[in-house]
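Open the model in your viewer and keep the sequence panel beside it. This tour goes stop by stop, saying what to select and what is there.

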Amino acid sequence: MGFSEDNLTGVILALLSSGFIGASFIIKKKGLRRAAAASGVRAGVGGYTYLLEPLWWIGMFIMIVGEAANFVAYAFAPAVLVTPLGALSIIVSAVLAHFILKERLHKLGVLGCVMCIAGSVIIVVHAPRELSITSVQEIWTMATQPAFLLYMGSVVVLVFILVIHFAPRCGHSNVLVFTGICSLMGSLSVMSVKALGTSLKLTFEGKNQLIFPETWLFMLVVVTCVITQMNYLNKALDTFNTAIVSPIYYVMFTTLTILASVIMFKDWDGQSGATIISEICGFVVVLSGTILLQVAKDFERSSSFRANHTPGSPSLSTRLCPGNGELAKYNDEEVSSEEICLRIQESY
């Protein structure tokens, strides 16, 4: 199946989105460092002086541009193509951190970057064509087909069970609870974003879709899902180690999003079995590369801590740095608790 013009536009927008988002992390981090150096109070312990730092706002603006590009990408290309390409922002962030923040990129991290790129190429080459949609009512018909209604109903039931039963009991001890809620709601939010983006695209082309109630309903679903998703993602990041949350969330979110898109938009209809298997293999390669990047970060962090640890010190103590679930031992005389927490935050 040939690579369509819409797919090309979607890929370019997705790549730009990954570049902007990846770069924004580094710029905002430099802004946070500047603000902490100027005020002596870090954001992680309640400081808000970064709001007065222009560099932080530049990073925030670049992130918004990146998210906007990602939003528009869904209007041109299938979710099975756009969503996995989001992993490339991790590569951009890791490479820029190596050169700008002087955070060493381990050989495992380099291998992870290569795997992400290789997997993304496989996905792009074998991606299905974007469906030709002429109105938001066509998307509504897809959203109300029995198969997708069954998927959506299952997601809603699972989310309610996780929120009401499991979150209060084991949400703070099992990382799958909060990330599961985020991923389930995230798959619905991407479907709604794609529907809303397509509606706006048609509107800009002269076919006004804002007159249909379905467009506004999709917008309401987007807001509801994104707020819920971000709320529980913040809970997960605040409770567990980022190196654990990030790969698990990426795996669950991307897998569920691809499944939802295949059900709702019939992305794999008309594709051969070999092409579908190639897409799945590409996703697995990207997934493996993402996990390898996170493993490399964790390895570098552990090596850095061991380098600062002096065995046999009489003033050895154990501290828990809030926000990352990290428990480590340090030498009180050589490394302050503020510096320890800062290093933990900067390692992600």
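Helices here are DSSP runs of at least four residues, numbered from the N terminus. The model is predicted.

**Stop 1: confidence.** Colour the chain by pLDDT. The average is 82, and 82% of the residues score at least 70. Select helix H7, residues 146-170; confidence is highest there, at a mean of 95. Now select strand S1, residues 316-321. Confidence is lowest in S1, at a mean of 35.

**Stop 2: a helix pair.** Select H6, residues 136-143, and H9, residues 213-239. At what angle do H6 and H9 pack? The angle is about 55°, with the axes 9 Å apart. That angle makes H6 oblique to H9. The crossing of H6 past H9 is left-handed.

Show side chains at the contact. From H6, pick Val136, Gln137, Ile139, Trp140 and Ala143. They meet Glu214, Thr215, Leu217 and Phe218 of H9. By class, this contact has six nonpolar, two polar and one charged residues.

**Stop 3: a loop residue.** Go to Lys266, in the loop between helix H10 (242-265) and helix H11 (273-308). Check its backbone: phi of Lys266 is near 55°, a positive value in a residue other than glycine. Is Lys266 buried, exposed or partly exposed? Its relative accessibility is 34%, so Lys266 counts as partly exposed.

Terms used
Residues are numbered from 1 along each chain as its sequence is written. This is a predicted model: local features need pLDDT of at least 70, side-chain atom pairs count only at pLDDT 80 or more; totals for chains, interfaces and linings use all residues. Side-chain values use heavy atoms; hydrogens and water are left out. Axes are lines fitted to C-alpha atoms, for helices over the stretch in contact, and angles run from 0 to 180 degrees between N-to-C directions. Helices (H or I, at least four residues) and strands (E, at least two) are DSSP runs, numbered from the N terminus. Angles under 35 degrees count as roughly parallel, over 145 as roughly antiparallel, 65 to 115 as roughly perpendicular and the rest as oblique. A crossing is left-handed if the near helix is turned anticlockwise from the far one by less than a right angle, and right-handed if clockwise. Contact means heavy atoms within 4.5 Å. Ala, Val, Leu, Ile, Met, Phe, Trp, Tyr, Cys and Pro count as nonpolar, Asp, Glu, Lys and Arg as charged, and the others, Gly among them, as polar. Buried means under 20% relative accessible area, exposed over 50%, partly exposed in between (1.4 Å probe, protein chains only). pLDDT is the predictor's confidence in each residue, from 0 to 100.
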